[in-house]
Amino acid sequence: MAGGSGRRRVAAWAAGLGLCAALLALLAAVLLRAYVLRAPAIPRLWARRGGTAAFSAGERLELKEALRGAIKIPTVSVSPEDLNATAMAEFGNYIREVFPAVFSSKFIQHEIVGKYSHLFTVQGSNPEMMPYMLLAHMDVVPAPPEGWDFPPFSAAEHEGFIYGRGTLDNKNSAIGILQALEFLLRRNYRPRRSFYVGIGHDEEVFGQKGAMKIAALLEARGVKLSFLLDEGSAILDGIIAGVKKPVAVIAITEKGSITLNFTVEKEPGHSSFPPTETSIGILAAAVSRLEQNPLRNLFGHGPELMTMEHLASEFRFPLNLIMSNLWLFSPIVSRVLAWKPSTNALIRTTTAVTMFNAGIKINVIPSSAKATVNFRIHSAEKATEVLEMVKNTVADDRVKIDVVEAFDPLPISPWDDQTFGVHILQRTILDTFSDVDSVVPGTCIGNTDSRHFTNVTNAIYRFNPLLLKSDDLPRIHGLNERISVENYEKQIKFLFQLIKNCDIDELPEPHANSHEL
């Protein structure tokens, strides 16, 4: 008996020691990955510089007033057939007036595409260097004045901010690109590398007559781009929970989209003797099933994993341990990200019921009910897959499903140490924004004009060089859209420096202290 008990104690001690050893080994692996074996970042090829372009007081006033003048032009697009064409034409006349050096330069060709969009070809002095493109759009979403502190097309200046529709999306880029080019031309700067500037007029309504035609024109001319820069992400300050410093997030893909119409048709009747199920009830139940059964969590199957890995060292303890060890904590992280709509959109195809129409009178059972649902597709899925999953979830033959429009997620652009555009963007961001230490890849959950250019480049980057705080996000397409004058000046400095930085022939070897800032 005593011998058997002793053997059990020895076995228990051995098992306990083995468990402790396993836990210690696990802890060592977690700490090693968090503090030693960090996710590989893009190496810094240049030492960080102290400053970028310096604009005179007159130029600073000029750039501010140029943006304000553009904001006052109500270039609203409601649908592909409903555009403020008068304002679009006025915008074209306005940029001619405000940027005379751009329009008079002998090495810049200007074309109007699709009646109101603009394509500028800036001919560099070295035709052997592969060109790139800067893209923006002039059109804005509608802005009823109710609820605004200042009229949405007044471009009112208040406490260092310019208020108005388009200050963040996306006249700041359209005007900012031309302003940076104007300032360079005044300094007698002739780019070595050719580049294109595209300004679309219908981005908010799918870009079919603007950016799509510009892209087709470039493709017909045999143009191939080194990279393309469009809107889509920004420098996020205080938006990523657990990260103290501002982070530059460059979207390397954007989600796809499929919009579906759901229709139920039944015999109409009087409300005094209703059937067991009405068209409204059947459709409401189907839509409820879609909302109650979200599409699968795909964390780890798209760029969101790269975002977290590149940011791991910037998170505060203990989040830095968790994000550095997603091989272990990924199931927990994916569940946490699903709690908030803003992060949930990064990890799955989202479901949004946007329209529901039924009924004609309080005592009439309607003959039909209709709903529209928009799904924004994660980069790991296709539109056809989403459609099949939706049909399986609805699982009711009485509900007719029609596709309104659909397109797959955009290909993931390169993010590696061999990619010219990534290095140039990283260099320009770090030189312009002194508070930024991290430049990381991400996903654009909306859609941009850049999706039309996949036939002329595989390197599409979506980044608006602005510092955005959490209270800025609802202003985009919302009330009181605004940009600080300081923020806008930084954007133009970024674009000014970007054009200059692109004029190098080849990427240098990594800087000796590339890990240091």
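Reply: A definition to start: a helix crossing is right-handed if the near helix is turned clockwise from the far one by less than a right angle, and left-handed if anticlockwise. By that rule, α5 and α14 cross in a right-handed way. Bear in mind that the model is predicted.

Me: How many helices and strands does the protein chain have?
Reply: The chain runs to 517 residues, of which 51% count as buried. Among contacts between residues at least 6 apart in sequence, 82% join residues at least 24 apart. The secondary structure comes to 14 helices and 21 strands.

Me: Are α5 and α14 parallel, antiparallel, perpendicular or oblique?
Reply: The two axes come within 9 Å. They cross at roughly 55°. Roughly parallel needs an angle under 35 degrees, and roughly perpendicular needs 65 to 115. Therefore α5 is, relative to α14, oblique.

Me: Which residues make that contact between α5 and α14, and how do they divide by class?
Reply: From α5 come N172, S173, I175, G176, I177, Q179, A180, F183 and L184. From α14 come Y488, Q491, I492, L495, F496, I499 and K500. By class the contact has 10 nonpolar, five polar and one charged residues.

Me: How is α2 oriented against α3?
Reply: Helix α2 covers residues 57-71 and helix α3 covers residues 85-98. Their axes come within 10 Å and cross at roughly 165°. Angles over 145 degrees count as roughly antiparallel. So α2 is, relative to α3, roughly antiparallel.

Me: What handedness does this crossing of α2 and α3 have, and which residues make the contact?
Reply: The crossing of α2 and α3 is right-handed. By class its contact has five nonpolar, one polar and one charged residues. The residues are E65, A66, G69 and A70 of α2 with F91, Y94 and V98 of α3.

Me: Which elements do the buried residues of α2 pack against?
Reply: Helix α2 has 15 residues and reaches 22 Å from its first C-alpha to its last, close to the 21 Å expected. Its buried residues are E59, L63, K64, A66, L67, R68, G69, A70 and I71. They pack against α3, β6, β7, α5, β21 and α14.

Me: Is V390 buried or exposed, and which residues does V390 touch?
Reply: V390 lies in helix α12. Its relative accessibility is 1%, so V390 counts as buried. L290 is 100 residues away in sequence, yet 7.3 Å away in space, C-alpha to C-alpha. Leaving out residues up to four places away in sequence, V390 touches L260, F262, L290, F375 and I401.

Me: Where are cis peptide bonds found?
Reply: Most peptide bonds are trans. N170 sits in the loop between β7 and α5, and P318 in the loop between α8 and α9. The bond from F317 to P318 is cis, with omega near 5°. Another cis bond, with omega about 5°, joins D169 and N170.

Me: Is A395 buried or exposed?
Reply: A395 is in the loop between α12 and β17. Its phi is positive, near 45°. Exposed means over 50% relative accessible area. At 62% relative accessibility, A395 therefore counts as exposed.

Me: And N480, with its positive phi: buried or exposed?
Reply: N480 lies in the loop between β20 and β21. Its phi is near 55°. The cut-off for buried is under 20% relative accessible area. At 10%, N480 is therefore buried.

Notes:
Residues are numbered from 1 along each chain as its sequence is written. This is a predicted model: local features need pLDDT of at least 70, side-chain atom pairs count only at pLDDT 80 or more; totals for chains, interfaces and linings use all residues. Side-chain values use heavy atoms; hydrogens and water are left out. Axes are lines fitted to C-alpha atoms, for helices over the stretch in contact, and angles run from 0 to 180 degrees between N-to-C directions. Helices (H or I, at least four residues) and strands (E, at least two) are DSSP runs, numbered from the N terminus. Contact means heavy atoms within 4.5 Å. Ala, Val, Leu, Ile, Met, Phe, Trp, Tyr, Cys and Pro count as nonpolar, Asp, Glu, Lys and Arg as charged, and the others, Gly among them, as polar. The expected span of a helix is 1.5 Å times one less than its number of residues. Buried means under 20% relative accessible area, exposed over 50%, partly exposed in between (1.4 Å probe, protein chains only).
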